[in-house]
Amino acid sequence: MKTSAPWWAAEDFWRKCAIFITAFMALILILLTFHSLAAITAGAGRVPAYSVINHRIDYRFDRELGRSMPIIGDEVPLFGTKFSEVEARELVNLGKLTVQAKNCMNCHTLLGNGAYYAPDLTKAWLDPGWGNEQARELLMTMFLKDPVANARTFGTGRRMPNPELSDAEVRGVIAFLKWMSAVDTNGFPHGFKPLPQGGS
Ligand code: HEC
């Protein structure tokens, strides 16, 4: 006589479990995808709208949170221009595409991703190495146009080759770096001391 197996040993039970778990996890993945997309969209909580490039961006330690936070300050237009949201998005987008096309990640990290030959660019806009707020735009432009002649070397002796950018691409890259410096990166890079800003 055939003895029936206990319910937990039945093949049918485990097949149903596998189907249910796969379907449930697929649903969770879809929900997480929408959640991540919402979190990384410009204008959402931690990622500022592109028109943030019209403002002073400061970076200060928040005692309650225990980490540094970008602070969006007064209006300080970039290249003396006030960009609409659409224009700002176009400019930042041009900068991002240029950074991808020229493969800056071959040497740099952006938001922690990339190579470790050259400094992380997440807060490059706020780097005290630019001297002061007034000179920064010009020095960044000169550096990106001709990094060989305008090398700073950070004491490492490493040099950046000329990425051969057009004037429009340089402006795009600077807008992209300014926008990226306003992203709340949970305190990354740790211990970064920004260029003193007029508002502070
Ligand atoms: C072959 C390696 C290499 C590539 C590729 C490269 N860089 Fe650099 N970059 C460096 C090095 C090395 C430094 C630091 C030396 C210096 O300042 O001269 C640097 C410094 C910088 C700085 C100053 C960083 C700061 O914190 O002040 C910026 C901005 C920058 N690079 C942007 C770019 C962009 C944008 C691209 C792509 C178009 C790029 N780099 C591609 C090597 C590279």
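Helices are DSSP runs of H or I with at least four residues, strands are DSSP runs of E with at least two, and both are numbered from the N terminus. By that naming, proline 189 sits in the segment after α4. This is a predicted model: local features need pLDDT of at least 70, side-chain atom pairs count only at pLDDT 80 or more, and totals for chains, interfaces and linings use all residues. Residues are numbered from 1 along each chain as its sequence is written.

**Domains**
- The protein is divided into domain 1 (9–40) and domain 2 (50–181). These bounds come from an automatic or database domain assignment.
- The C-alpha centres of domain 1 and domain 2 are 40 Å apart.

**Around the ligand**
- The ligand is surrounded by 24 residues. A residue is near a molecule or strand if its C-beta atom, placed from the backbone, lies within 6 Å of it.
- The closest residues are Cys104, Cys107, Ala118, Ala151 and Met160.
- The shell holds 15 nonpolar, four polar and five charged residues. Here Ala, Val, Leu, Ile, Met, Phe, Trp, Tyr, Cys and Pro count as nonpolar, Asp, Glu, Lys and Arg as charged, and the others, Gly among them, as polar.

**The largest nonpolar core**
- In soluble globular proteins, nonpolar side chains tend to be buried together.
- A residue is buried if 20 or more other C-beta atoms lie within 10 Å of its own, exposed if 12 or fewer, and partly exposed in between; C-beta atoms are placed from the backbone.
- A nonpolar core is a set of buried Ala, Val, Leu, Ile, Met, Phe, Trp, Tyr and Cys residues joined through C-beta atoms within 7 Å.
- The largest such core has 24 residues, and Ile53, Val92, Ala175, Phe176, Leu177 and Trp179 touch the most other members.
- Elements giving two or more residues to this core are β1 (55–62), α2 (85–101), α3 (133–145) and α4 (167–181). The largest share, seven residues, comes from α4.
- Two residues are in contact if their C-beta atoms, placed from the backbone, lie within 7 Å. Beyond its neighbours within four places in sequence, isoleucine 53 contacts Leu78, Phe83, Ala88, Val92, Ala175, Lys178 and Trp179.

- The expected span of a helix is 1.5 Å times one less than its number of residues.
- α3 has 13 residues, so it should span 18 Å, and its end C-alpha atoms are 19 Å apart, which agrees.
- Met140, Phe143 and Leu144 are the buried residues of α3. They pack against α4.
- α4 has 15 residues and reaches 21 Å from its first C-alpha to its last, close to the 21 Å expected.
- α4 is mostly covered, with 12 of its 15 residues buried. Among them are Glu169, Arg171, Val173 and Trp179.
- The buried residues of α4 pack against β1, β2 (67–75), α2 and α3.

**Backbone features**
- The peptide bond from phenylalanine 188 to proline 189 is cis, with omega near -10°.
- Asparagine 103 has a positive phi of about 55° although it is not a glycine. Its place is the loop between α2 and β3 (109–110). Asparagine 103 counts as exposed because it has 12 C-beta neighbours inside 10 Å.
- Leucine 111 also is not a glycine, yet has a positive phi of about 50°. It lies in the loop between β3 and β4. With 13 other C-beta atoms within 10 Å, leucine 111 is partly exposed.

**Residues in the loop between β4 and α3**
- Proline 128 lies in the loop between β4 (113–114) and α3. It is exposed, because 11 other C-beta atoms lie within 10 Å.
- Not counting residues up to four places away in sequence, proline 128 touches Lys193, Pro194 and Leu195.
- Proline 128 and valine 99 are 29 residues apart in sequence and 22 Å apart in space, C-alpha to C-alpha.
- Leucine 121 lies in the loop between β4 and α3. It is buried, because 22 other C-beta atoms lie within 10 Å.
- Leaving aside neighbours within four places in sequence, leucine 121 contacts His108, Leu110 and Leu177.

**A residue in helix α2**
- Glutamate 87 is in helix α2. With 16 C-beta neighbours inside 10 Å, glutamate 87 counts as partly exposed.
- Glutamate 87 and glycine 73 are 14 residues apart in sequence and 20 Å apart in space, C-alpha to C-alpha.
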